[in-house]
Amino acid sequence: MLKLFKYAFIVLFLLLEGCADKPLNSPYSSLKNKNVFYSSFQERPKHLDPARSYSSNEYAFIAQIYEPLFQYHYLEKPYKLIPLTAERMPVVKYLDKNFVETNKSNNISYTKYIVNIKKGIMYQDHPAFYKKNGQFIYHNLSKNQLKKINSLKDFTHESTRELIAKDYVYQIKRLSDKKNHSPIAGVMQEYIYGFSEYRKKLTDYKDNNYKNNQNYIIDNDIAGIKVINRYSFSIILKKQYPQFIYWLAMPFFSPMPWEADIFYGQEPLKEKNITLNWYPVGTGPFKLTENNPNLRMVLEKNKNFRGEVYPSLLDKINNGKLISKNKDLVVPFIEKAIYSLEKEQIPRWNKFLQGYYDNSGIASDNYDQAVSLDKSGDISLTEDLKDKGIHLATATAASTYYIGFNMLDSVIGGSNDRARLLRQALTIAIDYDEYISIFANGRGILAQSPIPPGIFGYQDGTKEYNHTVFQNKNNLVIKKSIKEAKILLKKAGYKDGIDERTGKPLILYFEATGSGADTYAFLNWLRKQFKKINIQLVTRVTDYNRFQEKMINGTGQIFQWGWNADYPDPENFLFLLYSKNGKVKFGGENASNYSNYEFDKLFLKMKNMENSDNRENIIKEMLKIIQYDCPWIWGFHPKSFSLSHEWFENVESNLMANNTLKYNKINDNIRSEKIKIWNKANFTLMYILLVLLVSFIISVLVMIKKKDEEKVL
Amino acid sequence: MIKYIIKRILYAIPILIGVNILTFTLFFVVNSPDEIARLHLGNKRVTQEQIISWNEERGYNNPLFYNNSEIGLKVFKKTIFYEKSFKLFLFDFGLSDSGRDIKYDIKQRMWPSLAIALPSLFVGLFINITFALFFVFFRFTYVDYFGVILCVALMSVSSLFYIIGGQYLISKLLHLVPISGYTQGLDAIKFLILPTIISVIYSIGSGTRWYRSLFLEEIEKDYVKTARSKGLSEVTVLFHHVFRNALIPILTGVVVILPLLFLGSLIVESFFGIPGLGSYTIDAIQSQDFAIVRAMVFLGSILYIFGLILTDISYTLVDPRVSLK
């Protein structure tokens with residue numbers, strides 16, 4: 001019994017001791033650590049291998065660890081690329097069909113990019129680099145050696161090495177490896193000279209029962225990619241493709257040391273879930289020290305990081321080299337970043353309000369609690385949040401959401417007048433302004449075309465606008481009326497929604513996914529929009545797999561979809577309507593299966609051009625064509641709202657850059673002070689409950705005794 | 001008894017095969033391997049070539065049940081069913097569709113599940129039995145009626161209400177424990193307090209009513225009347241006679257769910273951010289990782305059957321009149 005008391009006392013003591021420096025409701029073991037950034041993630045990242053990662057929740061981590069050659073300037077708008085590990089912007093040369101340099105635009109068959117990387121960049125410490133007597137001791141591990149190893153931390157030795165040009169080339173070769181399932185392999189196949197041949201040979205090698213592809217990748221090269229020396233390499237493209245530089249700024253083109261690939265390729269390690277997909281190896285400002293995506297992901301400062309200058313709007317590119325205004329190597333400011341898995345929105349929001357997360361988005365349920373309209377109709381924070389010192393940052397995402405028509409459909413699709421007039425009528429009838437206000441809490445901008453704000457060629461709806469849907473009245477661009485939509489419908493042969501050919505009402509079908517209350521509210525709203533011009537809309541709700549199947553087979557009629565930019569160039573949006581990207585015929589991203597010869601011709605011309613007046617004019621022409629043809633109902637470009645506490649500094653809205661954690665700063669004093677004030681424990685209820693409980697027990701005992709005595713008597 | 005256990009284990013085999021075939025058919029009839037691949041490869045720039053390669057890598061390119069292109073036993077072995085479902089019988093759970101070793105993940109995640117489930121079970125048991133005895137003591141009085149109404153009211157409220165209400169009151173207003181999260185070691189206690197309290201409160205309504213009915217059934221029996229006629233007090237009758245005899249159904253009821261505690265709670269773990277097997281299953285369903293779902297359904301069936309066998313055995317231990325043949 002004494003022992004029991006002793007143990008109970010120890011537990012209580014440890015608990016109290018643990019709570020001494022922080023409020024009782026703190027989810028962290030200590031708040032004493034300085035410069036720690038606390039945040040959350042909703043969904044565990046599926047892949048941390050840069051060859052494969054392609055979603056924002058994965059980029060949130062790997063962009064802090066891996067370093068591609070270029071990055072987006074943190075402060076400049078429109079978005080601008082600057083060197084990251086590259087010494088300078090690449091030298092671009094044009095080659096004729098014999099690979100001889102040429103300046104004659106008619107002779108250009110290939111484009112060559114020559115990239116130089118900075119010297120002295122070191123990788124994070126990692127067991128894959130550790131050598132003993134000149135031998136890598138962790139490259140041939142047996143099951144026995146791994147008995148006590150469950151994570152990367154359990155390896156006793158680590159080492160590093162310098163970043164070299166070969167590492168970038170190695171990664172590009174990895175992109176071609178089928179087993180890595182790189183989503184951009186198809187795109188690169190189209191552009192990089194020798195990429196598809198290499199991919200084929202690599203597949204054949206694998207088919208011949210060689211388990212490790214790494215050896216092939218190390219020993220064989222892609223014809224168009226050449227290591228020039230330790231710090232430079234060249235890439236030859238099969239055509240002109242100015243957007244290629246944007247790809248070079250994406251994590252796909254991060255360096256991969258061959259040692260890491262060999263290390264993670266070992267079967268016994270895979271059985272322990274120690275894979276490249278789980279434990280990145282990079283040269284960036286942070287390294288992943290804890291990877292438990294079911295609970296927490298921890299990034300810590302990479303002590304081998306060379307340091308970087310905090311950007312300034314006065315930074316310049318001179319002869320391809322970045323000339324920084326600031327001189328001190330200060331970045332990163334943060335020592336550690338702890339991301340906790342928070343699947344449910346309620347605890348996530350409350351923890352942010354308690355100060356336990358430094359930043360947060362705004363879910364639709366919390367919108368009214370966070371944001372209000374001020375007297376002038378502008379969006380601002382609510383008084384409660386302002387009092388807490390919370391900041392709101394807004395930015396329009398380089399994304400577009402739309403309702404698409406399947407152009408292969410016999411009723412709504414095709415280039416005939418009847419179908420086009422019907423599509424035009426629907427485009428006018430559907431009020432996306434209302435949609436933004438109801439379903440996006442006003443967080444969006446009405447789209448005139450696929451191109452979102454901040455991207456070259458964007459039409460803001462004032463000087464340049466969609467003439468099919470809008471009109472200029474007294475110098476004001478306003479939407480055409482429902483009456484005009486009905487006139488178009490009549491012209492199409494569907495007067496009052498009745499098909500003149502058959503005399504039956506026109507019924508259209510909308511393919512929808514999802515099953516929540518929001519989905520049904522949206523579908524009701526959509527039916528009402530169609531009803532405005534007397535068209536009946538039947539909604540076919542299905543799961544995402546079935547929906548995808550319908551899109552691939554082209555059996556759907558009308559659908560809703562969206563696109564997030566890979567890079568800030570109009571080509572990345574207009575290609576969604578290029579016929580050779582048709583989903584049904586080519587398995588591409590043109591889900592509408594839109595095909596227009598003129599548009600295609602202009603697209604091919606525009607895509608290889610640098611931004612210029614000429615390019616802008618071509619884009620205008622292209623937009624005119626699609627605005628007239630209406631393969632989509634031009635929906636909206638979402639606005640992103642993010643909140644941060646006053647102690648979280650250097651927060652800028654840059655939706656193209658993913659590696660921004662290094663620029664953020666934490667003011668620990670303000671944070672700890674505020675957290676203590678906001679989270680003072682309140683024991684009043686506990687005391688009341690205790691009193692009630694004691695009184696209850698006493699009265700029960702009295703009642704039992706009384707009742708028992710009554711019975712005995 | 002050993003003979004009986006062997007017999008029960010043999011009975012379990014066709015049940016497990018049935019569960020296996022049912023789960024397999026449900027998943028592969030509803031979703032083709034191509035659809036699963038598309039889901040895992042993402043939404044952007046997925047080509048048919050990538051889908052084929054993804055399927056090949058995971059053996060999803062094989063036929064479902066019978067492989068015409070093979071000979072001998074391979075006609076059955078080189079099929080998705082053999083590779084993905086039959087191997088479960090050897091406890092070879094394989095890799096999840098995202099490439100992680102399932103057995104390893106299960107081993108890691110069962111402990112947080114147990115950390116919530118065990119205290120919730122035992123504290124809940126203690127409180128429910130206490131309340132049930134209290135109501136039985138005051139049976140057919142206003143205290144009892146009020147208690148039953150309270151129990152029904154508690155049962156009628158959704159578990160989500162308790163979770164959200166608990167988080168709001170205890171964590172947000174009173175700031176006594178963290179709203180959600182988990183960590184290893186002793187620090188985990190502060191994260192377990194709230195989910196345990198909520199699980200216990202949620203179970204009070206149904207648990208108390210269940211035990212109350214067990215005690216009421218027992219209290220009407222002849223031996224209780226005999227005890228009373230001997231002049232024993234009601235407290236003694238209740239605790240020494242009724243309670244001890246009602247222990248048999250209580251014990252067996254607890255034993256049957258003991259193995260299932262490993263599987264955790266789907267909702268509680270999800271809301272409190274506890275990385276147990278409950279949230280593992282929910283995540284797998286949401287991301288359509290059928291390899292994990294299959295493994296978890298199979299494990300659930302085995303544990304349930306194991307629980308039933310344990311219940312039978314426990315009967316013989318607590319009631320000498322019962323023997324297993």
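Trainee: Against which helices do the buried residues of α13(B) pack?

Mentor: Helices (H or I, at least four residues) and strands (E, at least two) are DSSP runs, numbered from the N terminus. Buried means under 20% relative accessible area, exposed over 50%, and partly exposed in between, with a 1.4 Å probe and protein chains only. Contact means heavy atoms within 4.5 Å. In this structure, the buried residues of α13(B) pack against α6, α12 (266-272) and α14 of chain B. Helix α13 of chain B spans residues 277-286, and Leu277(B), Gly278(B), Ser279(B), Tyr280(B), Thr281(B) and Ala284(B) are buried there. Just after α13(B), Gln288(B) takes a positive phi of about 50°.

Trainee: On what basis are such values given?

Mentor: The model is predicted, and local features need pLDDT of at least 70, side-chain atom pairs count only at pLDDT 80 or more, while totals for chains, interfaces and linings use all residues. Residues are numbered from 1 along each chain as its sequence is written, chains are lettered from A and ligands numbered from 1 in the order in which they are written, and side-chain values use heavy atoms, with hydrogens and water left out.

Trainee: How many aromatic pairs are there over all chains?

Mentor: Rings of Phe, Tyr and Trp (its six-membered ring) pair if their centres lie within 6.5 Å; planes under 30 degrees apart count as stacked, over 60 as edge-to-face and the rest as tilted. The count over all chains is 73 aromatic pairs. Phe91(B) and Phe298(B) form an edge-to-face pair, at 6.5 Å centre to centre with 65° between the planes. This pair links distant parts of the chain, 207 residues apart: Phe91(B) is in the loop between α5 (80-85) and α6 (102-137) of chain B, and Phe298(B) is in helix α14 (residues 290-318) of chain B. Phe91(B) counts as partly exposed because its relative accessibility is 39%, whereas Phe298(B), at 2%, counts as buried. Another edge-to-face pair joins Phe137(B) and Phe138(B), at 5.1 Å centre to centre and 80° between the planes; both residues are buried.

Trainee: Which ring lies under the charged end of Lys388(A)?

Mentor: A charge sits over a ring if NZ of Lys or CZ of Arg is within 6 Å of the ring centre and within 35 degrees of the ring normal. The ring is that of Trp678(A), with the charged end of Lys388(A) 3.8 Å from its centre. In chain B, Lys84(B) lies over the face of Tyr60(B), 4.9 Å from the ring centre.

Trainee: Where does Arg52(A) lie, and is this residue buried or exposed?

Mentor: Arg52(A) lies in the loop between β1 (36-41) and α2 (56-65) of chain A. With a relative accessible area of 12%, Arg52(A) is therefore buried. Leaving aside neighbours within four places in sequence, its contacts include His47(A) and Phe252(A), as well as His40(B), Leu41(B) and Trp54(B).
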